[in-house]
Amino acid sequence: MLVIDAANVIGSRPTGWWRDRPGAAGRFVGQVRAAVAASEVDAPVTIVLEGQFRRGADQSDLDGVAVVHAAGEGDDTIAAIAAAHDESVVVTADRELAGRVRSAHGSVVGPRWLLDRLID
């Protein structure tokens with residue numbers, strides 16, 4: 001399972017996302033779904049949205065891409081999902097979160113890995 005720290009990945013590019021966090025999240029979810037449909041990214045994928053990003057996409061599970069709204073800190077939700085699934089891979093550049101994932105026997109890749117596979 002691929003688990004995406006959406007805030008971290010969206011925030012890794014200076015696209016003006018901070019002016020419209022819900023819009024940035026909606027576009028990002030669409031790009032991930034398109035990448036899965038085009039076999040650029042393998043399902044299952046879980047995108048974790050927190051804070052204002054949650055308003056950009058409803059919680060759902062469509063075509064191998066689940067959108068989860070973190071009730072509190074996104075990192076806690078991501079770490080819990082990764083710990084519950086063997087061989088999970090988390091997309092983040094957050095060092096603390098990466099350490100938590102690795103201690104639960106998951107793997108971590110940086111945002112660039114995912115961004116190179118997204119379809120605009």
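Is Asp76 buried, partly exposed or exposed, and what is its relative accessible area? Asp76 is partly exposed, at 41%; buried here means under 20% relative accessible area, exposed means over 50%, and partly exposed is in between (1.4 Å probe, protein chains only). Here are some notes to go with the structure.

Some ground rules before the points. This is a predicted model, where local features need pLDDT of at least 70 and side-chain atom pairs count only at pLDDT 80 or more, while totals for chains, interfaces and linings use all residues. Residues are numbered from 1 along each chain as its sequence is written, and side-chain values use heavy atoms, with hydrogens and water left out.

1. **The Asp76 salt bridge.** Asp76 pairs with Arg100 in a salt bridge, 3.0 Å from N to O. The term stands for a side-chain nitrogen of Lys or Arg within 4 Å of a carboxyl oxygen of Asp or Glu. Because Asp76 sits in helix α3 and Arg100 in helix α4, the pair ties together parts that are 24 residues apart in sequence. Helices (H or I, at least four residues) and strands (E, at least two) are DSSP runs, numbered from the N terminus.

2. Asp116 and Arg112 make one of them, with their closest N and O atoms 3.1 Å apart. Both Asp116 and Arg112 are exposed.

3. **Helix α4, one face in and one face out.** α4 covers residues 95-103, and Leu97, Ala98 and Val101 in it are buried. Looking down the axis, those buried residues fall within an arc of 100°, so they line one face of the helix; the arc is that of the directions from the helix axis to the C-beta atoms. Over on the other side, Arg95, Glu96 and Ser103 are exposed. The cover for the buried residues includes β1, α3 (74-84), β5 (89-91) and β6 (107-109), where contact means heavy atoms within 4.5 Å.

4. **The ends of α4.** After α4 comes His105, with a positive phi near 70°.

5. **Strand β2, covered on both sides.** What about β2, residues 45-49: how many of its five residues are buried? Five of five are. Val45, Ile47 and Leu49 are buried on one side, and Thr46 and Val48 on the other. In a regular strand the side chains alternate between the two faces of the sheet.

6. **Neighbours of β2.** Strands pair if DSSP finds at least two bridges between them. β1 (residues 2-5) runs parallel to β2, over four bridges, and Leu2 has Val45 as its bridge partner. β4 (residues 65-69) is also parallel to β2, joined by five bridges, with Leu49 bridged to His69.

7. **The aromatic cluster.** Trp17, Trp18 and Phe53 form one aromatic cluster. Rings of Phe, Tyr and Trp (its six-membered ring) pair if their centres lie within 6.5 Å, and planes under 30 degrees apart count as stacked, over 60 as edge-to-face and the rest as tilted. Two aromatic pairs turn up in the whole structure. Trp17 and Trp18 are edge-to-face, 5.6 Å centre to centre with 80° between the planes. Trp17 and Phe53 have centres 6.0 Å apart and planes at 35°, so that pair is tilted. This second pair links distant parts of the chain, 36 residues apart: Trp17 is in the loop between α1 (6-10) and α2 (21-37), and Phe53 in the loop between β2 and β3 (60-62). Trp17 and Phe53 are both buried, whereas Trp18 is partly exposed at 43%.

8. **Trp113.** Helix α5 (residues 111-115) holds Trp113, which is partly exposed at 31% relative accessibility. Leaving out residues up to four places away in sequence, Trp113 touches Leu2 and Val91.

9. **Backbone spots to check out.** Most residues other than glycine have a negative phi, and most peptide bonds are trans. The bond from Ala43 to Pro44 is cis, with omega near 0°, and Pro44 is in the loop between α2 and β2. Asp63 has a positive phi near 50°; Asp63 lies in the loop between β3 and β4 and is exposed at 74%. Glu87 has a positive phi of about 60°, sits in the loop between α3 and β5, and is exposed at 69%.
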